[in-house]
Amino acid sequence: MSAVDLFTTTYSRSPEGSYSAPGRVNLIGEHTDYSGGLVLPFAIDARATLAVARNDDNVIRVVSAQRPGPVQTFSTQEIHPGSAAAQTWAGYLLGSVWALRRAGHAIGGLDLALDSQVPSGAGLSSSAAVESVTTLAAGAVHGIHLTPMEVARFSLQAENEFVGVPCGPMDQTASAAATAGAVLLFDTRAGTVENIPFDPAAHGLSLLVIDTRVAHSLADGEYARRRASCEKAVDIIGVTSLREITVEELPVALDRLGDEILTRRVRHVATENQRVTDTVDLLRSGTIGPIGELLTESHRSLQYDYEVSCPELDLAVDTCLAAGAIGARMTGGGFGGSVIALIPSPLVGQVARSVMAAFETHGFAEPVPRLVNPSDGAHKVNHE
Ligand code: ADP
Ligand code: MG
């Protein structure tokens, strides 16, 4: 059911407006966003839509088309990170309201109805879509104009501090600030973004995202360990963030580390930042094909140096490449989740079938391939 229909059915009135925000895929720049690095995500054409109206009861009411059940009601005074609700799906909406209110924005009662086509847990950041659409909508109906970067910041606070997930700022920034037909160059050290035109279709290419549908249980612990390794390396090398280490300076920095594991971690981060820069340079010069090689190099670096891949991701990448993809890599945190592949459009069906067959042969769960297109960030939905 659409967000507006769900709203009307649930609250027996019309919403004041509806808003929409996308999921995202990271083209390249993985595990760099907590080291002040560069990332290059884009918004996808699967979106979360939120219908909204203010209420005079000082409560937040929430329903979701994907979470059937009665309306949940929360007093605006009682929304806080430690509450039981913060650990449920409602926490992703309440967290955005909480972050806005904490910053002094006068957000009163709200009735909310959510409908999201971003599959949850598929590495497409359904959580950022829900947070950014809620931040934007809650602000807008109260007459508060938020810039895309402000929407991203409050949404990130919702995820980090309210729900309690220690992610970097990439997902919320992509969902809030991306534009259609572009990738978003996000410099996480400077806090700046720039949309770089990216139109694979015009070059006869397609972007296929393959959800491996595995989520290995070590993901959270290993993520925390990678962050800790980066912090340790920063201390030993004597820099403020790994972003400062360019590929030219890498040999000197690695000498100072004198540790095999840390060496590989730092090498990934420095070379990955360079791959993002190289990708952007290629896109700016109007070429797309050669970025395929950079995507695959990124995967090898994540596989061997950063060690965040897994057999399912490696099989998907290798199979895509063997079946005609010009580049493929894991995207997202790793240990499961999705692979992104850049494929000549006529070969998309063949690549997808090859991956399905390879997974079956290996006894892995059936993967889910999806074509994605670079789309708009969060915005108001205009009804006719
Ligand atoms: P993802 O990689 O998709 O972001 P997360 O675990 O970070 O995975 O976020 C998924 C969570 O976001 C869900 O467990 C749920 O709490 C919330 N969520 C996402 N989509 C919806 C939806 N349509 N309705 C309600 N909650 C949702
Ligand atoms: Mg998420």
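Modeller: Let's start with a definition: helices (H or I, at least four residues) and strands (E, at least two) are DSSP runs, numbered from the N terminus. This is a predicted model, where local features need pLDDT of at least 70, side-chain atom pairs count only at pLDDT 80 or more, and totals for chains, interfaces and linings use all residues. Residues are numbered from 1 along each chain as its sequence is written, chains are lettered from A and ligands numbered from 1 in the order in which they are written, and side-chain values use heavy atoms, leaving out hydrogens and water.

Biologist: How many bridges join β3 to β4?

Modeller: Two strands pair if DSSP finds at least two bridges between them. Here 5 bridges link β3 (residues 59-64) with β4 (residues 67-75), and the two run antiparallel. They make a hairpin with 2 residues between them, and isoleucine 60 sits opposite phenylalanine 74 in β4.

Biologist: Is α9 mostly covered or uncovered?

Modeller: Buried means under 20% relative accessible area, exposed over 50%, and partly exposed in between (1.4 Å probe, protein chains only). In α9, 11 of the 15 residues are buried, so going by that cut-off the helix is mostly covered. Among them are Ile291, Leu294 and His299. Contact means heavy atoms within 4.5 Å, and what covers these buried residues includes α8 (260-284) and β10 (336-344).

Biologist: And what follows α9?

Modeller: Glutamate 307, with a positive phi near 55°.

Biologist: Which residues of α10 meet α11?

Modeller: Glu312, Leu315, Ala316, Thr319 and Cys320 in α10 meet a set in α11 that includes Val351 and Phe359.
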